[in-house]
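My notes are below the display.

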Amino acid sequence: MIPLTSPQSHPVVLKLEGVSKVYPGTMALKAVDFELYAGAVNVLVGENGAGKSTMMKVIAGVESPSEGQIWLDGKAVQLGSTEVARQHGIGIVFQELNLFPNLTIAENMFIGREISSRMYAIDSEAQAKKAEQLLGELEHHLDPNLLVGELRIGEQQIIEIAKAIGQNARILILDEPTSALSAPEVEILFRVINDLKSRGVAIVYISHRLEELIRIGDYITVLRDGCVTGSAKMKDVDLTWIVRQMVGSNTKNFARAGDNRLGETVLEVNHVCLPRLGAPGYLVDDMSLSLRAGEIVGIYGLMGAGRTELFECIYGCHPDRATGSVKLLGKELIGSNVTSCIDAGLALIPEDRKTDGLVHSMSILENLTLASLWRLVTLGYLSPEVESSAAGKFVKSLSIKTNNPSLEIGSLSGGNQQKVVIGRALMTDPKVLLMDEPSRGIDIGAKAEVFKVMRDLAKTGLGILFVTSDLEEVMALSDRIVVMSHGQLAAQFGPNEATQDAVVLASNSQVLLAA
Amino acid sequence: MSTSAVSSLRSASTTTGDNALLLVLRLRTFIALFLVAGFFAVMAPNFLSAANALIMSKHVALNAFLAIGMTYVIVSGGIDLSVGSTVGLTGMVAGGLILHGLTIGDYVIYFNVLEIVGIALMVGLIVGAINGFLITQLNVAPFIATLGTLYVARGIALLSSDGSTFPNLEGSSEHGTTGFPLIGTLSLAGVPLVIWLLVVMGLGAAYLGARTPLGRHIYAVGGNERAAMLSGVRVNRIKFFVYMFSGFCASIVGLIISSQLVASHPMTGETFELNAIAAAVLGGTSMTGGRGKIGGTIIGAFVIGILSDGLVMMGVSAFWQTVIKGLVIIAAVVVDQFQQRMQQRMAYQMRAEAQK
């Protein structure tokens, strides 16, 4: 992938100078300098929370910088809103696509700036024609009258890009564009990117997948803790350099001290597969792992690596689609539903507390006991005393901060809400706890508390399997680390074996590891 | 130090003010009931007499039965439009069995009244099971599924008699089918059987919602279906239950009406579903699911019943009654929204204070 034009011919189109962004309590960007080259792919990489998204929000006009200056074509500009940024030719395709599935391709591409004829009627024909032309430029000959909801994710992404191009974007920001794409769709996207490049568009490409960055990038900028830790031409650097800039020079070995008194194997996952819906390939591809009593195993991987889907297979969310074998204390669970999995001794802490975890119309108490009601009843009667004393035990042991558990769940802070979800899982008396991103959306203090709870639970003999995309978290908590990539097992690290570099490398692909 | 003391005092006083207001809002259906009853006690003569109270209770009971079933359907996040038709169909099944028996080939089987009551109650359970099947297995939206069964059930009721009434359901002693009118006329300790039934049903349903896992699961499914599923709640079973329970309640009403009239007409129960929904909403059941109490619903049914009976006694025209009923329902929902927002605000306040 040698750029056809020499690097000198890439003019700087946008420049950030000493840009800082302060949020209450944190400094997301610390005096960052960044140059964006036209006609090139400018790659941006960094750990979660390194400040990539904040930087892109500043460029796209979503956030205004607290300090510093933005230069566009050598002129100082204020990008006060997305509208202003758009007028300057800055387009952004978010990771979560902003399309209307119930509208057609053409309608989506011209939403908010419809072409209208006389009498304010939308000129559908003109829109369809223009949409077809834009898609043709991207070598996608889709019927503009198709509904967007009927398209594959990859095609939807192309629609978003075409929409941005249609608004004359000179700078196109792609935030993790490949996280939901299959391999052939990635190839198509790369062709489109190369085409845009040759037309002089400056592309910002954010991704966690290092092998992609090396293939497609011309310039690379690495962020860590809100600072730019390195920027270079891609051809001058290699993978080890990128990883070193990402995780820092003081790579620590976090593995826990040998206080692990592990019991026998409680959970055995063998050759579990989950086929994709409506497309060839697998979301979970022949995954195997095991977990012992008292052990904490961390599953690390990028977005879309199939970690959540693996949990769903184990937890009985896809009884009709998942294949393979999941054995909990010798009992086969594949093919059984969530309720029987809970009865067998599994418990899940879902990733998204809001949509999957809590029932917001219920009280703290009712949320806590929801999964274990049948254990609390006598002759079909749920005594208020029994219920509140059972819940009270967990309010105390998890130190959930409330003076009245019959208040609404909304009266708790995020961290305490998370503890309620954990408490509900524990009340079913599980043998194995599955935790999907247990520290998502809670502040640092609460994080530490949740981690302490996890360690304490492991000490009591519970097996804990948790998923995270936070490198430090997986290093600090796990007895063993399992790395997933593309739905497959990419690597396993025993106690004291893992280093941050090795884990990051493994999460990127097995191909790289073999090389 | 003094300023902080003052500010904490002020915040304390505003929260007590808020709490008092919230209490008033929570009890609003009750307050509305007293206001409506008080108004008519002054304005309409004979309103407070025992005889009138009994008559009104009988009127209210029919709607209250339907509203009890409807409440749990709505709490679970659904809606059941088919109850009115189920009322009609149940009456026709009971009436048909009493008058003509069941014809199988050359034989005609006559059941006794208890058996007929059992079969008639099955009608509601079957309609509810069909609703549950459509909603959980075929993923039909509850509104559409029950709209469909509304038409189908009504159509079958009309077909069963070619649109005519089954009259004179006294039954005949030679077939052993006598006694059906007793359901509507029997009294125990001076109180009609129907009212006793309502009391039993209401208490049972309230107990179910407050103190059984099944009831709690209904609230969980309506509050957050996915979270409920991941907590091990068998969502599909819960949905089957609420629709079958609603159908069962509708069948009870169908039996009562045909027994009281000693006749069954296929169009009985038209628009009853709307009155049931109105009673549930008036009683504080949230149409988005997850919130609602049987006690509130029954009070809601009484407010609607007293309103229409009282207006009749005052001589207000039926057309105006309809307008007034509509306005009361809208007002109830507006106040409900206000209460929701206020509760949410107080929850956030508490959360902020906890983090201080």
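The entries follow in the order in which I looked things up.

**Conventions.** I am working with a predicted model, where local features need pLDDT of at least 70, side-chain atom pairs count only at pLDDT 80 or more, and totals for chains, interfaces and linings use all residues. Residues are numbered from 1 along each chain as its sequence is written, and chains are lettered from A and ligands numbered from 1 in the order in which they are written.

**Chain A overall.** I find 19 helices and 20 strands in chain A, taking helices (H or I, at least four residues) and strands (E, at least two) as DSSP runs numbered from the N terminus. The radius of gyration of chain A is 25 Å, close to the 24 Å that the globule rule gives for 515 residues, so chain A is as compact as a globular protein of that length. That radius is taken over C-alpha atoms, and the rule is 2.2 Å times the number of residues to the power 0.38. Along the principal axes, the C-alpha atoms of chain A fill a box of roughly 75 × 60 × 45 Å.

**Sheet.** I traced an open, mixed sheet of 6 strands in chain A, ordered β6-β7-β8-β3-β9-β10; strands pair if DSSP finds at least two bridges between them. In chain A, β6 (90–93) and β10 (227–233) are the edge strands with a single partner each, so one side of each has no neighbour in the sheet. From one strand to the next the twist averages 15°. β7 (residues 171–175) and β8 (residues 202–206) of chain A are parallel over 5 bridges, and L172(A) stands opposite I203(A) in β8(A).

**Core.** I noted that the largest nonpolar core has 240 residues, and that those with the most contacts inside it include L172(A), I464(A) and F65(B). Such a core is a set of buried Ala, Val, Leu, Ile, Met, Phe, Trp, Tyr and Cys residues joined through C-beta atoms within 7 Å. Buried means 20 or more other C-beta atoms within 10 Å of a residue's own, exposed 12 or fewer, and partly exposed in between, with C-beta atoms placed from the backbone. By that count, 45% of the 515 residues in chain A are buried.

**Helix α9(A).** Is this helix buried or exposed? In chain A, 8 of the 8 residues of α9 (residues 307–314) are buried, so the helix is largely enclosed by the rest of the structure. Among them I list R307(A), E309(A) and E312(A). Just after α9(A), G316(A) has a positive phi of about 80°.

Key:
Axes fitted to C-alpha atoms, helices over the stretch in contact; angles between N-to-C directions.
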